[in-house]
Amino acid sequence: MTRRHATPRPSNAAEVEITDLSFLYPDGSIGLDGLTLRVPAGERLALLGPNGAGKTTLAQHLNGLKTAQRGSVRVDDMLIETATLPIIRQRVQLLFSSSDEQLFMPTVAEDVAFGPNNFDLDPELVDERVASALSAVGASDLAGRVPHRLSTGEKRRAALAGILAIQPDVLVLDEPVAGLDPAGKRQLAQYLGQLGQTQIVITHDLSFALELCPTAAIINNGRLQAIGPTVELLTDQELLRQNSLDLPFGFRLDRLDGTPSASAKRPGRRKS
Amino acid sequence: MHAPDGFLTPDVAAATAVLSSGVVALALRSGNRNSTSDAASDALPMAGMMAAFVFAAQMINVPIAAGTTGHILGGALVAVLIGPRLAVLVMTVVVVAQALLFADGGVTALGYNVLNLAIVNPLVGYGLFRLLARRSRSDHSLAVAAGISAAGAVVATAAAFSAEWALGASAPVPIGRMALAMMSAHTIVALGEGVITTMLIGSVLTARPDLVRGIGANRSGPPPPNRLSTTWIVALGTLAALAIGALLSPFAATAPDALERFIVDNELAYENLSPAPFADYGAGVLGHSLQDSTAGAAIVGFFGVATAMLLAGAVVAMRQPTAAKHLLSDLAPESRIVLVVGYMVAVALVRAGAFWAFGLLSAPLVIMLVGSWVQRVEADQRQSTGGIVLRLALVLPALLAAAAVALLSTGERPAGLPLPISAAGLTAGATLACRAVLGVLAATALALGTTPEQIGRGLQRLHAPSFLVSVGLFMARYVNLVGGEAERAQQAMVARGFQARWLWQARPMASAAGALVIRSFERSEEIHSAMVSRGFTGSLPHSPSGEASALDPMTPDRGLQWLLVGLAVGSAFVVAISSHLVGR
């Protein structure tokens, strides 16, 4: 069988630009309502907001699982549309909030190889990518394991390896620390902190957001409510309360950094 | 309803195997022709999740009456949800996996088990549903239509089984008698299946009506003229089912299937079930009938085989543990599958009543079994012994089926027997018991040393249809998750004081199962988007050789392996053939 193998695409951080993005669900509920957001190349951005705010809907737009009903998403000037999907899916990868859905192949190694194989890479290169992706998240010893026997933390790292093996420019992580114990959380933050890609991290864990992401954006009702340095957003009690966000009990940011929140930009924030 | 090895004669087993393979191949092909290969593979996560759901649903006990429980077959349910073609494929995967991994149903019985459970059941269920759904206007009547179809499908399955018995009976049980027994036993099963399916589809319809396929067209179209009111259909159907059930339920007490679940799931609560005829079967027969030559030979034969197994196992375990453990574990998965299947075919070919041959064939099996047991204990897998015992408990339903055959057989009755058993029936029953025991042991030996993933890999190398293998691998991957969800739902009910004894108390369980269906579907949708997200475009990539080795044990010499497998299977066949030549 002669099968031409695609030449691997070099990986680098990319800029993501979301312009006036709207999405209505078939039942009429609002997913996104004119959201505009720019994430510079190489930045780690925390995406905060209450349940149902539109965070996961936004994530699904970023690699074309959902297509824009209005507005657009660009990755380094490449518009996400049907024609660009094969390339977009090599450039933007999602970590799903449930690792069980993401790990569907019989072994971890095969699952990590699933993505690279879909892009017709040379088998030797696939093996190489699998090995390096697994070692990047400290999961080399999991290669031959069966996914359903892994712990939650191991599953999360295996799933992360599965998307890293595609060597994307942008990582979109949906609830990466949900269900992890404090040690697992710290470990994951450490691995993610070493990666050079642009990262958009959806999380309810404000301390994790503060640790990993210099910048944060708050989304509510499908719109951008605020964007700015994470520490500034998290010290704005009023802003947090309005968006059903709350720091952990006894956690006081003003002791770490007393800057008031006045300097945070708040595009789209309504006066009420 | 899972028939054990040797329940029907080898020629019927072979004929049904050909027929079943043909239908399954057609189901595989028609999918490829009617749509692009894209859509066929697109259905993979859904088919895999449905297979996992059926597997898990068969673990949910549903109360039937007075504390007796049963489980649904689910063929009609799956056909209503995902259409007949995929349903046949999904049910085939479930039935084959049950035979290969859990020794539930014989491997050489796969021909007729697949035909009855994976083809007749979903297809008849789907056909009935299409007929009835045409007359259904509301969600409620649609759910009832699904229930009636499911009940009808169970009856059809029992009828198919009776018809096959007419062609290839392994014991002198007249077809009329067998049909009556099968039908009466399964009427109550059908009733349960119908009620559960109604409730389950009902709860799915409330939450995700889009999941119940084949409805769309009927809803929009004009009402068909002169239709029989749904209420009447429901009332008549229920009344008929109840009447038959009430009349025949005494027979149903001995239905192997209801008992089978009862035994396995209620952890062998013997006292509760003891159907009168079997209570002192062994002791009574042994005490009174050893003078009678035929019956005596049968009994001695059966217990002789059992003793030989135990002795051989004990000897091997004590003297050669390491040699024994290498017998199976060094073989590649595909060689193991060929070895076990070949062996089972040989067992099925042994002449009825040639108990010495069964004894001879049991020896290597017990050695392998003890070998893998020793290996597991050495590997410090703590629950291994309990697990093996639990697996071997699967012999019990097969033995019950054998006893039922012995009881139902006609012919001359030997003097001194306390039970109405004919000599021929006794021989047939004992033969069936031997075959079933050997089949369960062989499948257990395979399953103990081989993970589902390895079996999938082996089947792939043996060129089994890749769609089916992929569905099986998905099922193996997700059955624990779905099963865990089912178990938690059940625990949550029990924790809040729920204790079901009667069928009409099954509603909470059915809505839990309905929630499980919806969860399974949503999970399959999520898996699908996870696949698409990573560049999946419709065909599963071939895994590079490097990864496959993680699942394979060391396989130094393929040629030598196949030679060994050939020799082993060959000698089993020699024993089987000589049983027909010697001692007639």
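Start by selecting A:Cys213, which is buried at a relative accessible area of 2%. Here "buried" means under 20% relative accessible area, "exposed" means over 50%, and "partly exposed" is in between (1.4 Å probe, protein chains only). Now jump to B:Cys434, buried as well at 1% relative accessibility. While you're on cysteines, a search of the whole structure turns up zero disulfides over all chains (a disulfide being a pair of cysteine sulfur atoms within 2.5 Å).

Before moving on, some housekeeping. This is a predicted model, where local features need pLDDT of at least 70 and side-chain atom pairs count only at pLDDT 80 or more, while totals for chains, interfaces and linings use all residues. Residues are numbered from 1 along each chain as its sequence is written, chains are lettered from A and ligands numbered from 1 in the order in which they are written, and side-chain values use heavy atoms, with hydrogens and water left out.

**Chain A on its own**

Show chain A as a cartoon and you'll find eleven helices and ten strands; these are DSSP runs numbered from the N terminus, helices being H or I of at least four residues and strands E of at least two. Of the 272 residues in chain A, 55% are buried.

**Where A meets B**

Bring chain B back. The contact (heavy atoms within 4.5 Å) takes 34 residues from chain A and 31 residues from chain B. About 2,700 Å² is buried between chain A and chain B, with carbon and sulfur atoms giving 59% of that area. Buried area is the accessible area (1.4 Å probe) that two parts lose on being put together, summed over both.

Next, pick A:Asp111 and B:Arg534: their side chains meet in a salt bridge, 2.8 Å from N to O. The count between chain A and chain B is five salt bridges, each a side-chain nitrogen of Lys or Arg within 4 Å of a carboxyl oxygen of Asp or Glu.

**Last stop: a threonine in chain B**

Select B:Thr197, in helix H8 (residues 175-207) of chain B. Is B:Thr197 buried or exposed? B:Thr197 is buried, with a relative accessible area of 1%. Show its neighbours and you'll see B:Thr197 touching residues including B:Leu77, B:Ala146 and B:Gly202. To finish, draw a distance from the side chain of B:Thr197 to the backbone oxygen of B:Glu193, which the side chain reaches at 2.6 Å.

Note on methods: Polar contact = N/O pair within 3.5 Å; in protein donor to acceptor, adjacent residues only side chain to side chain. Lists of a residue's contacts leave out its neighbours within four places in sequence.
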